Amino acid sequence: MSKVLVVLETAGGKLRPHCLPGIAAAKQIADARGIPLHLLVLGADASAAAEIAAAGYGAATVHTIQDPALEPFTAEAWADAIVHATKTVGASVIGGTASSTLRDCLPRAAAVLDAPLCAEVVAVKSGDTFTRPISAGRALLDEKLSGEIVFFTARGSEFEPAAAGAAASVSAIDGVSVDTRGVEVVGIQKTQSSRPALTEADVVVSGGRGMREGPNFKVLEDLTDLLGGALGASRAATDAGMVPADLQVGQTGKIVAPNLYIAVAISGAIQHLAGMKGSKTIVAINKDAEAPIFQVADYGLVAKWEDALPRFVELVQARKS
Ligand SMILES: Cc1cc2nc3c(=O)[nH]c(=O)nc-3n(C[C@H](O)[C@H](O)[C@H](O)COP(=O)(O)OP(=O)(O)OC[C@H]3O[C@@H](n4cnc5c(N)ncnc54)[C@H](O)[C@@H]3O)c2cc1C
């Protein structure tokens, strides 16, 4: 019998929370097809995370492939492992949350298997028809995938995290020697931050071109830290070097869906909205009352950030003390 196989990501022996919407999307596909849900954990030592995955989420089996070549992540090694798992498990649908990791390796695995991939799925219409945004989110397309094997990535902001379900068994796929295709990680430069990851934060505070220069982000950082959130930015701000590129939110940056998104001096271009409009509550501060960001904002303040933010920080501080 064919299966739906979800590729999970782990950190420190635990599942990354952003995997859960991908499991929820896969569950909908599995239910529509009437086939079981299986999970896949890859890593040098996948056992601890596999046990966590097996404790819930309603999968039949959690498969593991353990190989030192799978850490640190390279798209080549992961794609090779996913191809092995697809064949061994007998999966007909393979996917997960559209994170930067899975966006990188799943298309490679799909290409190796000559299978179609539907990227950034926002709704599951049936077992083979999925909705995805096109033209930077201006329109939605229902795409029907045909083939014995199909791939998907699901947009994390559009599916509720998978709820707890029945426990699964864990099964190791042995005898796999992962092919790195000659790719070797020679070093990793990690951004040190005590803040939560942008894609996992409950609160995101983002600044745009209107912040004018990097040092002005200090007041946004103060607000971010007071709210226990993550700092984000528009592409105009990252391109101008005000903040690092990995803070970019949007179509070509990170897709976020926090409970609270505060956009400061961001106009609300369609490419930025594509990355944050799934946020539960959106607050916008902009000096231009006509800025498009106000069309998606739940709360808007027409003001210069220089006037509004210090008072905002003060009020939050007062409320917290
Ligand atoms: C293929 C493609 C992909 C893209 N991907 C992304 C993406 O992933 N993410 C993204 O963000 N963009 C992306 N862009 C760029 C996007 O089109 C916009 O150019 C960008 O989002 C604009 O950023 P911004 O809102 O900060 O700047 P602007 O559009 O210049 O807006 C600045 C805003 O600040 C306000 N402002 C100025 N001064 C103040 C002040 N003192 N106080 C308060 N408000 C003030 C202004 O009124 C204005 O609304 C992409 C573009 C393309 C073509």
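The legends below describe close-up views of a predicted model. Residue numbers start from 1 along each chain as its sequence is written. Because the model is predicted, local features need pLDDT of at least 70 and side-chain atom pairs count only at pLDDT 80 or more, while totals for chains, interfaces and linings use all residues.

**View 1. The shell around the ligand.** Here 27 residues surround the ligand, a residue being near a molecule if its C-beta atom, placed from the backbone, lies within 6 Å of it. The closest are Gly 208, Gly 210, Ser 234, Arg 235 and Gly 250. By class, the shell holds 8 nonpolar, 13 polar and 6 charged residues; Ala, Val, Leu, Ile, Met, Phe, Trp, Tyr, Cys and Pro count as nonpolar, Asp, Glu, Lys and Arg as charged, and the others, Gly among them, as polar.

View 2. At least two shell residues come from each of α6 (235–239), α7 (270–273) and α9 (305–320); helices (H or I, at least four residues) and strands (E, at least two) are DSSP runs, numbered from the N terminus. With 3 residues, α6 gives the most to the shell. Look also for Gly 250, in the loop between α6 and β15 (260–264).

**View 3. Positions annotated in UniProt.** The unreviewed UniProt entry lists Arg 209, Ser 234, Arg 235, Gln 248, Val 249, Gly 250, Gln 251, Thr 252 and Asn 286 under "binding site". They span 78 residues in sequence and the farthest two C-alpha atoms are 22.8 Å apart, so they do not all gather at one spot. Such annotations may be inferred rather than shown by experiment.

**View 4. Helix α3 against helix α4.** The axes of α3 (residues 75–89) and α4 (residues 100–112) come within 8 Å and cross at roughly 50°; axes are lines fitted to C-alpha atoms over the stretch in contact, and angles run from 0 to 180 degrees between N-to-C directions. The two helices are therefore oblique to each other. Angles under 35 degrees count as roughly parallel, over 145 as roughly antiparallel, 65 to 115 as roughly perpendicular and the rest as oblique. Among the α3 residues that meet α4 are Trp 78 and Ile 82, with contact meaning C-beta atoms, placed from the backbone, within 7 Å. This contact has 9 nonpolar, no polar and 2 charged residues.

**View 5. Helix α5 beside helix α9.** Helix α5 (residues 217–226) packs with α9 at an angle of about 20°, their axes 10 Å apart. These helices are therefore roughly parallel to each other. Contacting residues include Leu 223 of α5 and Phe 312 of α9.

Definitions and conventions
Contact = placed C-beta atoms within 7 Å.
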